[in-house]
Amino acid sequence: MPVLSLPALIPASHVWTADMHELGLTMKILSIVTGALENQNAGRIERIKIKVGAFSGVVPELIEDCFGPASAGTPAEDASLCFEKVPVTVSCSDCGKTGEIKEHEFTCPYCGSDHIRIVTGREFYIESIEVSGS
Ligand SMILES: [Zn+2]
């Protein structure tokens with residue numbers, strides 16, 4: 001099954017902020033994947049891989065709930081959504097290390113400092129889609 005790598009296809013302006021609601025996000029996902037499909041010689045979307053940061057505020061289950069009805073009648077109907085969680089990592093300006101933190105714990109996992117900066121965990125984007133021939 002061919003796999004389209006989507007970050008290359010999505011202009012930077014399509015990198016979303018976390019304050020969009022799930023239905024809006026679902027519609028955005030649909031428009032991007034069906035738009036990507038138009039440029040390919042492909043018929044249907046089988047699977048959509050999505051990266052979700054633990055800190056993105058996006059609830060994958062809600063996206064799945066929206067996706068079924070929203071995708072009805074589109075080439076993405078019945079596509080499976082595959083969410084890949086991205087852990088929250090921070091970099092510490094006191095000890096210089098980068099590490100993963102637990103949810104709601106905003107201190108450096110190594111030295112306990114609160115001089116930390118979020119490195120990953122806010123992501124929300126489509127990583128790739130799998131399509132089948134027309
Ligand atoms: Zn530290």
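View 1. Arginine 47 has glutamate 130, in β7, as its bridge partner. The chain here crosses from β2 through α2 to β3, and this β-α-β crossover is right-handed. The model shown in this and the following views is predicted. Eight bridges link β2 and β7, and the two strands pair in the antiparallel sense.

**View 2. Lysine 49 of β2 and its partner in β3.** Lysine 49 has cysteine 82, in β3, as its bridge partner. β2 and β3 run parallel and are joined by seven bridges. In a regular strand the side chains alternate between the two faces of the sheet.

**View 3. The whole chain, for orientation.** The protein holds two helices and seven strands. Along the sequence these elements follow the pattern β-α-β-α-β-β-β-β-β. Of the 134 residues in the protein, 22% are buried. Among contacts between residues at least 6 apart in sequence, 74% join residues at least 24 apart.

**View 4. Helix α1, residues 22–38, and what covers it.** The 17 residues of α1 should span 24 Å at 1.5 Å a residue, and its end C-alpha atoms are 24 Å apart, which agrees. The buried residues in α1 are Leu25, Thr26, Ile29, Leu30, Ile32, Val33 and Leu37. The elements that cover these buried residues include β2 (44–53), α2 (60–71) and β7 (124–132). An α-helix has 3.6 residues a turn, so residues three or four places apart point the same way.

**View 5. The two sides of helix α2.** Ile63, Phe67 and Ser71 are the buried residues of α2. They cover an arc of only 40 degrees around the axis, which puts them on the same side of α2. Glu61 and Pro69 are exposed residues on the face of α2 turned away from its buried side. The twelve residues of α2 should span 16 Å at 1.5 Å a residue; the end C-alpha atoms of α2 are 16 Å apart, which agrees. Just after α2, glycine 73 takes a positive phi of about 85 degrees.

View 6. Phenylalanine 67 belongs to helix α2. This residue is buried, because 23 other C-beta atoms lie within 10 Å, and a residue counts as buried at 20 or more. Leaving aside neighbours within four places in sequence, phenylalanine 67 is in contact with Thr26 and Leu81. Phenylalanine 67 and methionine 27 are 40 residues apart in sequence, while their C-alpha atoms are 8.1 Å apart in space.

**View 7. Aspartate 78 in the loop between α2 and β3.** Aspartate 78 is found in the loop that links α2 and β3. Phi of aspartate 78 is near 70 degrees, a positive value in a residue other than glycine. Most residues other than glycine have a negative phi. Aspartate 78 has 11 other C-beta atoms within 10 Å and is therefore exposed, the cut-off being 12 or fewer.

**View 8. Glutamine 40 in the loop between α1 and β2.** Glutamine 40 is placed in the loop between α1 and β2. With 14 other C-beta atoms within 10 Å, glutamine 40 is partly exposed. Glutamine 40 and glycine 133 are 93 residues apart in sequence and 9.5 Å apart in space, taken from C-alpha to C-alpha.

**View 9. The open sheet of β5, β4 and β6.** Three strands form an open sheet in the order β5-β4-β6, with antiparallel pairing. β5 (98–100) and β6 (116–120) stand at the edges, each with a single partner strand, so one side of each is left without a neighbour in the sheet. On average, neighbouring strands of this sheet are turned by 35 degrees against each other, direction ignored.

View 10. Strand β4 (residues 89–92) and β5 run antiparallel and are joined by three bridges. Serine 91 stands opposite threonine 98, which is in β5.

Definitions and conventions. Residues are numbered from 1 along each chain as its sequence is written. This is a predicted model: local features need pLDDT of at least 70, side-chain atom pairs count only at pLDDT 80 or more; totals for chains, interfaces and linings use all residues. Helices (H or I, at least four residues) and strands (E, at least two) are DSSP runs, numbered from the N terminus. The expected span of a helix is 1.5 Å times one less than its number of residues. Two residues are in contact if their C-beta atoms, placed from the backbone, lie within 7 Å. The arc is that of the directions from the helix axis to the C-beta atoms. Two strands pair if DSSP finds at least two bridges between them. A crossover is right-handed if, with the strands pointing away from the viewer, the path from the first strand over the helix to the second runs clockwise. Axes are lines fitted to C-alpha atoms, for helices over the stretch in contact, and angles run from 0 to 180 degrees between N-to-C directions.
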